[in-house]
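Please read these points with the sequence and the structure side by side.

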Amino acid sequence: QVYLLMSEPLNDEMSRSYGEKGTMQVTLRYPLNTGSAAATARASLIRSTFYRGLTLTAGGVNTLIERTATIGTAFVDADRFCIPVLVRFRSPITVA
């Protein structure tokens, strides 16, 4: 499951430009009978893919991964072993 959790916009200066800031939460949900190793390995892969300092560009907007991704506390939900991974980002938005 992927959730996009937006924070309040950044308004560091008096201008029409601003920054978007937020967290992408990826919650890995694996069947209980597969064990935790696969989910833990996938969480580590997400963490290394979205490393601190990575800049992604789409539609003329740059998005900076500002922190090392956080691998949250694992939990069980019904028949699933779950691990949340939080990726924090920010994007400067220039208004013409």
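**Notes on the model**

1. G35 sits in the loop between β2 (18–31) and α1 (37–49); helices (H or I, at least four residues) and strands (E, at least two) are DSSP runs, numbered from the N terminus. G35 counts as partly exposed because its relative accessibility is 29%; buried means under 20% relative accessible area, exposed over 50%, and partly exposed in between, with a 1.4 Å probe and protein chains only. G35 and E66 are 31 residues apart along the chain, and their C-alpha atoms are separated by 31 Å.

2. A word on the basis of these notes. This is a predicted model, in which local features need pLDDT of at least 70 and side-chain atom pairs count only at pLDDT 80 or more, while totals for chains, interfaces and linings use all residues. Residues are numbered from 1 along each chain as its sequence is written, and side-chain values use heavy atoms, with hydrogens and water left out.

3. The protein chain has one helix and seven strands. Their order along the sequence is β-β-α-β-β-β-β-β.

4. Next, the overall dimensions. The radius of gyration of the protein chain is 16 Å, whereas a compact globule of 96 residues would have one near 12 Å; the radius is taken over C-alpha atoms, and the globule rule is 2.2 Å times the number of residues to the power 0.38. Along the principal axes, the C-alpha atoms fill a box of roughly 55 × 25 × 20 Å.

5. How much of the protein chain is buried? Of its 96 residues, 24% count as buried. The chain exposes about 6300 Å², and carbon and sulfur atoms supply 54% of that area; accessible areas come from the Shrake-Rupley method with a 1.4 Å probe, and for residues only the protein chains shown count as cover.

6. Among contacts in the protein chain with a separation of 6 or more, 55% come from residues 24 or more positions apart; a contact means heavy atoms within 4.5 Å.

7. Strand β3 (residues 55–58) and strand β4 (residues 61–65) pair in the antiparallel sense over four bridges; two strands pair if DSSP finds at least two bridges between them. T55 has L64 as its bridge partner in β4, and A58 has V61. The two strands form a hairpin with two residues between them, and G59 in the turn has a positive phi of about 60 degrees.

8. A78 lies in the loop between β6 (75–77) and β7. Most residues other than glycine have a negative phi. A78 is not a glycine, yet its phi is positive, about 55 degrees. With a relative accessible area of 68%, A78 is exposed.

9. V95 lies in the segment after β7. Is V95 buried or partly exposed? V95 is partly exposed, because its relative accessible area is 29%. Not counting residues up to four places away in sequence, V95 touches R16, S17 and Y18. V95 and Y18 are 77 residues apart in sequence, but 8.1 Å apart in space, C-alpha to C-alpha.
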